[in-house]
Structure formats: C-alpha cells, structure tokens
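Reader: I want to learn how to read a structure like this one. Take me through its features one at a time.

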Number of protein chains: 2
Amino acid sequence: MKDSDVDLFEHPAWLPDAAFGVLGSKRIRVVGEAPLVQTVGHELERSVALYGGNIVRQPGDGSETGSQEPDEVTLTTVDGGPGRGDAVAPAIAEAMALATPGDPAVRALGAEGYVVARRDGHTAIVAADAPGMLYGMFHLLRHPGCVSGPDQPAQRYEPRHALRMLDHWDNIAVHPVMGQVERGYSGGSIFYADGEVRADLSRVERYARLLASIGINSVAVNNVNVHAREARLLSDDLHAVVRMADVFRAWGIRVHLAVNFASPIILGGLRTSDPLDPDVGAWWDEATARVYQAVPDFGGYLVKADSEGQPGPFAYGRDHADGANLLARALAPFGGVVHWRAFVYNHRQDWRDRSTDRARAAYDHFAPLDGRFHDNVIVQVKHGPMDFQVREPVSPVIAAMPGTRLAVELQVTQEYTGQQQHVCYLAPAWSEILRFQPWGPDGATVSDAADGGLAAVSNVGDDPFWTGHPLAQANLYAFGRLAWEPALDPVKVLDEWIGLSFPAADDVVRATLHDIMDGSWRTYEDYTAPLGVGFMVRPGHHYGPDVDGYEYTPWGTYHFADRDGVGVDRTRATGTGFTGQYPPPWRDVYESASDCPDELLLFFHHVPYDHVLHSGPTVIQHIYDTHFAGAEAVEAMTAAWETLRGRIPDTVFERVSERMREQLRCAREWRDQVCAYFYRKSGVPDAYGRTIF
Amino acid sequence: MKDSDVDLFEHPAWLPDAAFGVLGSKRIRVVGEAPLVQTVGHELERSVALYGGNIVRQPGDGSETGSQEPDEVTLTTVDGGPGRGDAVAPAIAEAMALATPGDPAVRALGAEGYVVARRDGHTAIVAADAPGMLYGMFHLLRHPGCVSGPDQPAQRYEPRHALRMLDHWDNIAVHPVMGQVERGYSGGSIFYADGEVRADLSRVERYARLLASIGINSVAVNNVNVHAREARLLSDDLHAVVRMADVFRAWGIRVHLAVNFASPIILGGLRTSDPLDPDVGAWWDEATARVYQAVPDFGGYLVKADSEGQPGPFAYGRDHADGANLLARALAPFGGVVHWRAFVYNHRQDWRDRSTDRARAAYDHFAPLDGRFHDNVIVQVKHGPMDFQVREPVSPVIAAMPGTRLAVELQVTQEYTGQQQHVCYLAPAWSEILRFQPWGPDGATVSDAADGGLAAVSNVGDDPFWTGHPLAQANLYAFGRLAWEPALDPVKVLDEWIGLSFPAADDVVRATLHDIMDGSWRTYEDYTAPLGVGFMVRPGHHYGPDVDGYEYTPWGTYHFADRDGVGVDRTRATGTGFTGQYPPPWRDVYESASDCPDELLLFFHHVPYDHVLHSGPTVIQHIYDTHFAGAEAVEAMTAAWETLRGRIPDTVFERVSERMREQLRCAREWRDQVCAYFYRKSGVPDAYGRTIF
C-alpha cells in the first residue's frame, strides 16, 4: 500500500465490520424508541445486513411483544421490555429480575447500567434506560460468547464513574509553536480545519461511535489553553458547538467547552473578570444561559486558570474556589458542571532555589480550599504531582480533599511516553494508579476518591489510524474501559481490544501482540528517566533524551545529579517537605529512603550512586541495567512484530514497522545518552563491561 | 518616549545630520558628473543647506576651474580635477601628485582609493574615480580635523580588500522556524515584506548610504539557505532584483544573489542539476545572461551547497570544484564571481563516534581541490573551523589553498555572541583574526590570504535602531572599516563610531562608552563557554546557556566534560588529528597542551580539571573565576550605562538600558549554570568560596 492510498484510507480502529460478525448473524429484537435506541437499531440493522441475521424493532410500549424465539438476542429497557402479562423468555426474566431487584437495600440500576443474561440460547440485555442499552450492545461485541456460547447467569454492569471524559487539546487557529493539537501526535484536529469548525463532521461521528463503544460520555472539544480564537466557541461560534453536540448526542456523549477565565473581558468587553464582581457574574450567567438555550444537554466548562500563563482569579486577589464557584453558579440551574484543573504551579521557578518544589504546588493551592467548592465544581487533578511522567507517585491532592468532588486526569496522548512513535500500552500504569490506596492497605482507592469521575487527554487526530501509531488505539480503548471499571485487568482489556481490532487473529497473533504490548510501559520506563526522577527529555517538544534538558530551566523539573548522586530530596527531614502532604502510611514510607519503593526512590530522595535498591543492584548499576534491558526489549519487540508480516493487514503492519524502527533508534539513543551521562558523572564502570560512550 | 513613538522613529545610526556639521559649514567644490559624483553632490547640498556652507558643482571637463578660495574643500577625480594649465591650490597639487605618482614602481591609485591633503586651510580629496570620491567624502566626516584643523600632508587611502561584502540571511517567505531573517535579531527584513520584495525601498536606500560610508561595495540580498520562494529571485522576480540593484548602485554597491544549486530543477524543470550535464550548464548560462541583461553590474552568485541539507554537486558524484566552476563559467563573460561557501560538514554526526571531527570538515573537503577552481570562484571560508563561536582558532583552510581565491567570512549578526541583547563589540575579535599569521610570525596575515576579500553576515533588520541593540551598530560600522583596512585599531574604530553617532559626546560620554564596549567581547567570552570549547548554548535558537545542550546531538559540537576533565582532543597523537591541518608552527603549538594558548586549550585538548593554565589557575578555577568576573563586568557595564542617562538621546538610552537588564540576567544565568555544571561534575570547590548552586 502506497502513501497516496493511505490518504484515502481510514482505519476502523476496534470497530471493524467483522467485530459485529457474531451478533450480526443473529435474530435481534430491539425494544424502544428513544434516540439512543435508534442508534442501537441502526448499528444492528447494518450488522444483520452484512452478516445474515435479522432484526425486530419494537416500540417498547408493551403493545406487541412478539414471539421470543430461541437463539434470539433481545435488547430492552426495564420499562419497555416484556409485554404486560406476557410470558417472557427465561433470559429476559432473569435479567429483568436483576435489573429491578425489588429489595430496597440493592441500588437500582442506573441509566447507563445494563444486565446481561443468556439462557437456552437466548441472550437478553436489559437496561434501565437507553444509554445502558447502547453500552449493553457494545458489551456483546466485546464478549461474543454472550450471544453464541453456553448459558450465563444474569450479571449487572454499571460504570464505576458517572463522568468518563476525554479532553481534546485542539486549537481552532493553528498555534505557531504548539500546532493544531497541543501535545497531539496524530495529525490535525478532527474538529477543526482552516480556522473553523469543520463543515463535514462525519469523522467526528465515527469518533463518537468509537467512544460510545468504550463508555465515554463526555468530551471537551477544545484546548485548555484557550486562545482568543477558541474563546469565541462560547459566543460567535456557538452555532458550531450545536453541530458538534448534535453529533455526540446520538452516542450518549455530552459536549463540554474549555473556557478562558478572562472571557468577560475578551468576549464581553468588561474591564475585569474578577469572580466577585457582580457584572462578571451576570456576564457568565447570560453567556451560560445562551449556551443551554442552544445545547440543552451541554456538559459544562473546563478551566485551566492561573497556570502556565492562563488568566485566573489570582489577578484579583481571589482564590480558585472563588473562580470555580463563579462558573458553577452560572451552570447550576442547567445541571452543568465546572471541571477546574488543579494543575497550578510556578512555571518561572529559579532552578537555584531548592526550597521551591513544583510537586507541592497543587496541594498547596487546593487542599486549603477543601469544602469551599460548590457541588457542581469538579476539581480535576493530574494523577501525579508533576506532569504525566512515565512514573510518578499518586498526587497527594487526591487524599486531601474529602469535601470536594474530584476528577482524576490521565493522559492518553503519549506526551512523555513516546509520542505515539513508541509502543507504550499505558493501561497497566493507569491500573496501578486507580487501584492505589492513598490511605493505606485498608482504605479506599484512587478510583474511589475520584467521585467526580475520570478525565483524560485524547490521543486522536485526523490521522488515518486515528492515533498515529495503530497500537496506540489500545490506550484510548483501555482508558474508556478502565473509566467504566477500574478493577479490570489491563491485560484482559488488551485482549478485548485485540479481539475486536484483529478479528482474524489466531492465538499466535494474539500472543505476539501481548508480548509486544503488555510490558511496553515498563520497557519505556526502563530506557528513559530512571527510578521516578522524571523528565530528562528534550525541552519544548518533550521527545527523546536530554538528561540536563530541564535541569537549569524555570520549569521546576530537576534531577540534581552530581558526581556523587542523583535525585530530589522531598523529605520533611532534609528536603522540600513534600512527603508531608501524604496521609499515613505514605508520608512515612516515602520519607524513608530505605522504605521508599524503588521505582519512586529518586522522586523522593537524593541518594549516592552506590545506594543499594531493594531489587539488589546499586542505583548506578540499576541505571545501566535497565537502560540496556530496555533497549534490548525494544529489539525483541521489533523482531516479534516482524513475525506478524502477512498475518495482519499490511497497512497496519507497515505503519507499526516504521514506528518501531524509530522506537528502536530512540531507545538506543536514550540508553546511550543516559548511560554516558551517568558514567561521565559518577565514574562508576558498568559491572558487565558493556559499551558506554 | 513611548513605544508607539518608537515605531515611527528611525535612528540615523552613525550618520546623523550633525555628523555633517563641520563639512556642511564649508564652501565645497565638487568636480565631476558621474553618477556617484552626483550622489556626493546631493549629500553635500543637503549638508550645506543645513549648516550654512555652500557648494560649487563643476563638470570636471576642465572647462571651468573657478577660483579656489581659502577654507574651501575640493573633491575631484584625477582626470576631472584641475583645469588645464590653471594654477591649483597647493592642497590639490599635493594630493594630485600622490594620486598620480608617475614613478612606475608605485601602484596607481585604484578606482576606490583617494588622497586627502590639507594646506593653507584648503582641503583636497583627489580620487582616481568616482567611488574614491564617495569614500573620500565619508573620510572627511570621520576626520573633521581634515577640514578644520591644521595642515596635513597628503595621504593615500585605499581598501585593503577589493571585495567588501555583507551577506543577508533574509527570507522572502517567513520560515516557520527560522523566521524572516535567519539568525536575525533586529526585526524583519528591510528588503522583503508580505512575501514580496518591498514596494518601498527607501529604507534600503538609507541602508546603502550607511554601507557606502563604511566602504562596503557588495551585498547579497537573500539567505544562503535558498528555499523555493527565494530561488525565484533568479527568474520571476528578476524585476525586483533590478529595483534593489538600482538602489544600491547609487552608492557604489553591487548586488549578489544566493542561489540554490538545484535551480535547474526547481526553476528550469530539468531532471538534474549535475554540474557536468551540458543541459545544466546551458541553463545556468542562459539564466545568468538574463540576469546581466537586467542588471549589467550584477555582482554574482553566493552558494551554500551540500551543507545542512542544501543541494549540491555530491548528489551526482561531483565535487565542489565541479559545482563552483559550473556557475563561474556562466558568470565569467560578464565579470561576475561565485562565492562558494566552504561551510560543509556532516550535520548528522553520531555523538558516540569520537573519530569524526566537524572542525576537520572544511579542510578535508576543500584543501584537496586547491588549484582546481576557476579565477572567478571565491571560496568563502568561515573564520574558524566551527561556527562563529566567541573564540575559535583560525580556520586551517585559510592557509591551505594558496592556489584559490579566498574570502574570509565573519558574522556581524550576534548569533552566538548575545543576539544583540548583549553588548559585544566584536572588532577586537575580528582584528585578532585578520592579523593572525597562519604561517607564523614572519608570514602573511589572514587578511593577506583573503585575496577574495571579506564577507560578513549583516546584523540589520527593520528595527528602528537597525540592529536591535543600538550599540550593535558599532559592529556593522567596524566590519566595514576593518574590511577596508584590517590594520586599524578596533578601539580607534570605535572612537570614530562614537564621534559620528554621538556628535554631542563629551570626553566623559566617550570614555564611558569605551569602558562599556572596548572589552565587551572578552567579557562575553568570560561568562560563556570557557577556553575555546564553544557552544554550551540552548539548541535551535542558540541564546543563553545549556552546557549539555549540544553534547548528545548530531551537530558535532561537543565538550566531552566528565568528572575528571573537559575538552576535545584534536591532536595528532591521541585525538582527531585536526592539528595536522595547520602549517608550522601552529601544527605543533596546538598539538602541545603546554604550548597551546590558554584561550584555545579546550578546543584542542581534553585536560583534567587540575591542569594549570599559563595564566596561573587550574582549568576548573579558571572556569569559576572568569564566570564570576564576567558577570561582575556586566554589572559594572550596566552601572556605567546608567551614568549616561540624560547625556545621550533618551530613545537610545532606554533601549540600551532595557537590553542591559537582560544581558545582566543572562550573564548571571551563564555564570550560575556553568559553575554549577562543572562543580557538580568535578566536585572541586571554588577557591574563594563563592556561591555555586
């Protein structure tokens, strides 16, 4: 396949026609008439036309139950389901019973939940409402055994997080430095072209379908760095927001807008955006009412304020609660929410000043405000205290704001994790984060604490493969799945993705993909910044190694390597005191260089090169070992991929091969630069005598 | 003065009206009618109108000599001068005698030369031709004592270099990364706007006047990286080149074009630009004939070939002589020249490979070709083997090509020397270079070897002060003056510039400017990369410190610092062998770490930190000492500037003050980063206990 062909081509991601093969060969009954049920119906009509099944549409008012035949699949809501007094198939009855438990101690099924049951060759999806029916249909794709295998007892599925959101850092006007998609590695924006919202949103519709299939229900369509052009989505361009919302609505997804805190000045011509100024409040009230008039199910606002140059309440001596509540008041009458980002720090730090610690910043700014935010404010916290590094501790903010709704923010786009040139399946990292217990082994998890849901920066652009690297589609897939159910095993999620994306995959292909992807995050960690210290990337674009790239900059991201040792002392005893932001036991675990987990050692401690890790080797030998091992793992990965030639579609094979060559080059570059840097500094030779330059 | 006023303002540089005050108050006789004599006449008419003198224009055919009164200034050519048989003033007679020596052993005065004499209150400029008269007039501005002081015996002035050229790295289409002027720090281009040659070239005319006043006679008007848009200057846009040439011609300056070696493909639609292909030769012949039909005094072509991605003869298995001679053949019938740059190296070097040495590249490519270039090829060699660092040895190419016309290339734009944010008067550096004797103490100088003249990259843009930093005007001034006469004392050149630029300057102002500027190049050297090792700048833009910024890159610019020592081993004995490219004595002086001059030690040798310099301290202590001293010197410079408030024009004062604040910030940043870097690596404390971070 030549490049010119690729331009005309759009990869189906994890929803190729063949993913509908099993379901499409069935007789399917779809009960209900709500718009999302229509969406389900259209999907299934297309599938049965392709695969020889047939479909029965039924209004869901009980008027015509029809016969329930064996080998049928029924999708219905609780209300619309079985006809009054009719005998129903056992699968339906069983599912219905679980969906409407009767016992007041059992929580009723939410609008997005569904029950799946299979009995006597009959499969039933019973949902409380239309969204659940949509999600139930996609469940059947992921689990074809549910429509063709042995009986399965009824099982409830409900999302663990009510808000499952993707944030797009897309600019309408191409930014001279950051491009059209800030931190985007998949071409241009699917929403915008030529300085406007695209006239043709058909690709956005296909994107919405992909998102619905993994349970995403909210999308913020513009960059959190809201420049002048993008600010106008709230005013002149509201008609275009209506068009985007129409597209997403058909797939159960609400649209949110990132807004500029100075909008009352930029758009409203006011002289202030002081959150306590009545005119400012009135401006937001009016602007918000206009939005809801146009988009009644509008999701809300996303705000980056007083961060990296964005305007915010600090200019008026107000705090983030004042700022967030201003918008919350405007949104509350309509049921909208404010996502207010906690990513606030001093990006003009003096590297000479070791007392300032960027890791402390979010907690220092936000923890004191706990309890002051309105109910419809969601404080959106990056998962770690720094910025989406391959390894960070969990942010202490997550444990510090019990009186505030929190969303945890992840990054699907691989800014610091290989920029979709490298295979780096991130779900194992997210899984660790979401399962982490901030209050210790008997306490709640990060996922539990994220009562405002999960949000992540999307990795999608107008690239024919959606995500540049075809295997990076798995990250988007996994984010949706983990946002729905954080307890899922990332390897099993990957297996789902493989099954859907490569319907023809035999066991060998499947095993090879697991070999390549399961451990790819740890491999990336191995060949990049060691032991949690982070960064060491080329400034600006953040790709490839530059050990001292950020060492003497204002960005607050240092490793402090000298001839004797490396790492950041964030202890209370002798460092920045950051460990004190954690509750027990972590405040003590992290405080102690001997208790601190190896993988976070250099995040919390400055240690000599001969410090011995729990894993056995010294820090310096660990650096050498992991970097050689990481590059070797990429060699193995590359060789494994080559065995798939001819076993998966050529377009995918070639694109991945090309990227893997770059990953291999870059991994070797990381290995050699990091090893040379630390050898030149420490003077300690590699115990195994490998080549260090 | 507010910014909005500055926008309307254009600083007169070193030609304010007041610079003409003494001359303009005289009775002046201008003899001749050639176009350049008209230029002289117009300048003087304007001056006498301002300052109360008067002017006599005389055709120069001997028809009307007129009376020569006392206190008169006469400018004439040898031919046009005294009327036949008339008695002439003694000053004229004396000057005429020196201009036309009669003795065949004495070289006749060239077209650009002039004689100045003053006798009995009468001053005479006698030139062989009109260009000399133009230069003679500007001589009188620099030396007002010649028209108002005591008698002076006749003295000949002739340029040491026939070609005195400025190269503009200006793009017509603004480059997405490099901007409109590549390595320009003075705003946009004076030639181009909105993707075209400017409709209004009046600023270019004022620029031409400034250049004529310092003796520049050639200008290349476009970037040596010739992109597709700029390539069309040779074809579609030739009419615009005509307009630029018309403007420059009135000031004795020829226009040159940088051309893309692939022009036969880009513009001509040929399938090759192979220099030995007859069609390619025919294409260049025709294209060149078209240029000369439009611009009969066109200077010639400037070419960067097979360098940093530019096309060249290598693609066809040809060498640089083949490439240069191709263009030379096309230009020869019209008297044009090719400037062919020797800046050729591998910019995709592997930092791991210590055997490749970028410093060797120009010699390795060009020295073997000596003698093969046509007479109208000028090989243009950067003064040092790397790239315009604050300190480099002289390029060995300069001594290696006795059978080739060479131009030495300097950089007036302060790419690596503070980007016109820092005061860095470069003439002392250029003076050292031009006076350097590549063959040892009894041999010729670099200036002698530069039989193709001098070329330099201009620092001028559309900034109201021409050069961003007002004091950077002195660099442009000094380049012109040193290109004319390399033996000039840079301090005296600066004194000329002060006198012209600040006509009201008293001794205190003059002394303060010397305090600030005389030593500013060495100060810059003190606080940046030490001992000739170079770079340590932020990659890409090259401003500000980043010690390891280029250490692990493909650019071939390394310092190899480790915990034990620093520097590049370029010896024959143990290093890259670069020292072997020099003739004696330098091949031996540079080979020996004990003989090598301190300031080049790390360019040629990798030495331990405790290596003792000729100047006394160890290398590491020298690094600390010079960096503290450099930053302190900037503090003193800033304080000295502040004493000038109210004594020089506010516009100049404020602009310089603002830049000096930045210079001080940046000098401290250099000091602290370099000291911290080497302290962290070496572990050696500062002998004086100063703060190192």
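Reader: Through which surface do the copies meet?

Author: Note at the outset that this is a predicted model. Now the interface. Of the interface residues of chain B, 100% are also interface residues in chain A, so the copies meet through the same surface.

Reader: How many residues of each chain are in contact?

Author: The contact involves 26 residues of chain B and 26 residues of chain A. About 2400 Å² is buried between chain B and chain A. Carbon and sulfur atoms carry 45% of that area.

Reader: Which three residues supply more of the area that chain B buries against chain A than any other three?

Author: They are Y552(B), R563(B) and R680(B). Together they supply 34% of what chain B buries against chain A.

Reader: How should I read the relation between the two chains?

Author: Start with the general idea. Two copies of a chain are related by a rotation about an axis and a shift along it. Here chain B superposes on chain A by a rotation of 180°, with 0.0 Å of shift along the axis and an RMSD of 0.0 Å. The two copies are thus related as by a two-fold rotation axis.

Reader: Which residue of chain B comes closest to the rotation axis?

Author: K681(B) does, with its C-alpha at 2.8 Å from the axis.

Reader: Now charges. How do I read a salt bridge?

Author: Side chains of opposite charge can pair when their charged atoms come close. Between chain B and chain A the count is six salt bridges. Over all chains the structure holds 101.

Reader: What does the side chain of R680(A) meet in a salt bridge?

Author: The side chain of E551(B), with an N to O distance of 3.0 Å. For a case within chain A, take D462(A) and R198(A). Their closest N and O atoms are 3.4 Å apart. D462(A) lies in the loop between β18 (454–457) and α17 (473–484) of chain A, and R198(A) in the loop between β11 (196–197) and α7 (202–213) of chain A, so the pair ties together parts that are 264 residues apart in sequence.

Reader: On to sheets. What is the strand order of the open sheet in chain B?

Author: Read the six strands as β2-β1-β3-β5-β4-β6 of chain B, with mixed pairing. Then look at the edges. β2 (54–58) and β6 (152–157) of chain B each have a single partner strand, so one side of each is left without a neighbour in the sheet. From one strand to the next, the twist averages 10°.

Reader: In which sense do strands β3 and β5 of chain B pair?

Author: In the parallel sense, over five bridges. The strands are residues 72–77 and residues 122–127 of chain B.

Reader: Which strands of chain B does helix α5 lie across?

Author: α5 (residues 130–142) of chain B lies across β1 (27–31), β3, β4 (114–119), β5 and β6 of chain B. Helix α5 runs at about 45° to β4(B).

Reader: How many strands close into a barrel in chain B?

Author: Eight do, in the order β7-β12-β13-β14-β15-β16-β17-β18, and the pairing is parallel. One pairing is β15 (residues 337–341) with β16 (residues 377–382) of chain B, over four bridges. The bridge partner of V338(B) in β16(B) is V377(B).

Reader: What does the UniProt record list for chain A?

Author: An unreviewed entry lists "domain: Glycosyl hydrolase family 67 catalytic" for residues 156–466 of chain A. That span is 27% helix and 17% strand, with its end C-alpha atoms 32 Å apart. The annotation "domain: Glycosyl hydrolase family 67 C-terminal", also from an unreviewed entry, covers residues 467–690 of chain A. Residues 467–690 of chain A are 48% helix and 2% strand, and the end C-alpha atoms lie 36 Å apart.

Reader: Which peptide bond of chain A is cis, with omega near 0°?

Author: The bond from P584(A) to P585(A). P585(A) lies in the loop between β19 (565–566) and α21 (586–589) of chain A. In chain B, the bond from P584(B) to P585(B) is cis, with omega near 0°.

Notes. Residues numbered from 1 in each chain as written. Chains lettered and ligands numbered in written order. Predicted model: local features only at pLDDT ≥ 70, side-chain atom pairs only at ≥ 80, totals over all residues. Heavy atoms only, no water. Least-squares fit on C-alpha atoms with pLDDT ≥ 70 in both. Contact = heavy atoms within 4.5 Å. Pairing = 2+ DSSP bridges. Axes fitted to C-alpha atoms, helices over the stretch in contact; angles between N-to-C directions. UniProt positions renumbered as here; feature names shortened; annotations may be inferred. Buried area = accessible area lost by both parts, 1.4 Å probe. Salt bridge = Lys/Arg side-chain N within 4 Å of Asp/Glu carboxyl O.
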